Amino acid sequence: MATLPNPLPTLAADPSGRALGLRLPAGALVDTTAEGPWHEPLLWHADERAVPGGWTALEPARRTGLLPVVLDVGDGHGGPDRWELLPAEMSYPGDHDAEEVLAEYWEECAGEPDAWPGLAEPRPQDHDHAPAPDPDAVAARVADSLLADGGPLKAPHLALAPARRSADIPTAIGWTGPAHHEGDTARLSAVLRSWEDRFGIRVVALGFDHLLLSVAAPPATPAEAEALAAEHVAFCPDNLGQGGDRTLRVYAEHRILDQPAWHFWWD
């Protein structure tokens with residue numbers, strides 16, 4: 001995968017991050033992959049459980065080429081050093097067309113008899129719709145909600161990944177959570193890039209096999225949400241049927257319409 005220079009090796013000699021203009025808590029670099037040590041660190045993650053405000057504290061890392069992400073290490077699979085990361089198997093997200101990827105998934109995996117309906121339109125920005133909030137500000141709010149007591153993540157830890165845009169984080173670290181659905185995570189990142197452009201998503205949290213996105217401009221009408229539901233189901237077929245959402249219309253109503261976060265889980 002084509003990447004910018006990786007700032008993480010600097011943290012090996014300077015764990016506090018001061019050389020990068022950062023003040024990091026105690027943490028560790030991860031270079032462990034399913035095929036042995038990688039030639040450079042894939043990510044940094046904090047030792048202690050994350051708390052609200054931690055995401056915002058890491059925001060200055062953006063200027064160094066590092067993006068914040070929350071790692072859920074408490075779902076029985078341990079931390080990222082046990083996630084069977086495979087960076088060598090990843091291509092470059094920009095080499096893939098999001099609609100082509102989704103159409104292929106729809107045909108192969110979605111189990112729907114209808115033809116691929118095409119990409120959903122982004123939420124209109126006119127006098128009837130207020131301007132979408134800043135995607136990074138929304139990501140910080142969603143992160144704080146995840147990190148609050150009683151949040152949905154079992155053991156969230158803050159991390160930094162070397163990526164040029166949020167959508168590329170799973171690919172940059174060689175994440176293999178959707179391995180039973182897609183072996184080259186860059187194809188999923190191509191879709192995430194498209195959702196960044198159309199709906200203002202950010203990759204906020206990753207677990208061994210699940211992904212959570214913040215959404216700055218989610219569909220605001222049932223019709224808009226249902227148009228996007230096909231993309232969600234193609235992207236992650238396992239999502240349909242969870243929680244009783246067995247049709248695209250019900251899924252759209254419960255999981256997409258005006259929702260500030262989207263969650264995906266691959267069996």
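Hi everyone, let's start with Pro7, which sits in the segment before helix H1, residues 9-13. Keep in mind as we go that this is a predicted model. Is Pro7 buried or exposed? Its relative accessibility is 9%, so Pro7 counts as buried, the cut-off being under 20%. And which residues does Pro7 touch, once we leave aside its neighbours within four places in sequence? Those contacts are Leu20, Thr64, Gly65, Leu66 and Pro162. Glu40 is 33 residues away from Pro7 along the chain, with 9.8 Å between the two C-alpha atoms.

Now to a pair of helices. H3, residues 98-109, packs with H7, residues 222-235, at an angle of about 75°, and their axes are 8 Å apart. That angle falls between 65 and 115 degrees, so H3 and H7 are roughly perpendicular to each other. On the H3 side, the contact uses Leu102, Tyr105 and Trp106, while H7 brings Ala230, Glu231, Ala234 and Phe235. By type, the residues of this contact of H3 with H7 are six nonpolar, one charged and no polar.

Last topic: aromatics. Across the whole structure there are nine aromatic pairs. One of them is Trp175 with Trp266, an edge-to-face pair at 5.9 Å centre to centre, with 75° between the planes. The pair joins distant parts of the chain, 91 residues apart: Trp175 is in the loop between helices H5 (169-172) and H6 (185-199), and Trp266 is in the segment after strand S9 (261-265). Trp175 is buried at 1% relative accessibility, and Trp266 is buried with a relative accessible area of 1%. Both belong to one aromatic cluster, together with Trp195, Phe199, Phe235, Trp262 and Phe264. Thanks, everyone!

Notes:
Residues numbered from 1 in each chain as written. Predicted model: local features only at pLDDT ≥ 70, side-chain atom pairs only at ≥ 80, totals over all residues. Heavy atoms only, no water. Helix = DSSP H or I, 4+ residues; strand = E, 2+ residues; numbered from the N terminus. Buried < 20%, exposed > 50% of the residue type's maximum accessible area, 1.4 Å probe, protein only. Contact = heavy atoms within 4.5 Å. Axes fitted to C-alpha atoms, helices over the stretch in contact; angles between N-to-C directions. Parallel < 35°, antiparallel > 145°, perpendicular 65-115°, else oblique. Nonpolar A, V, L, I, M, F, W, Y, C, P; charged D, E, K, R; others polar. Phe/Tyr/Trp six-rings, centres within 6.5 Å; stacked < 30°, edge-to-face > 60°.
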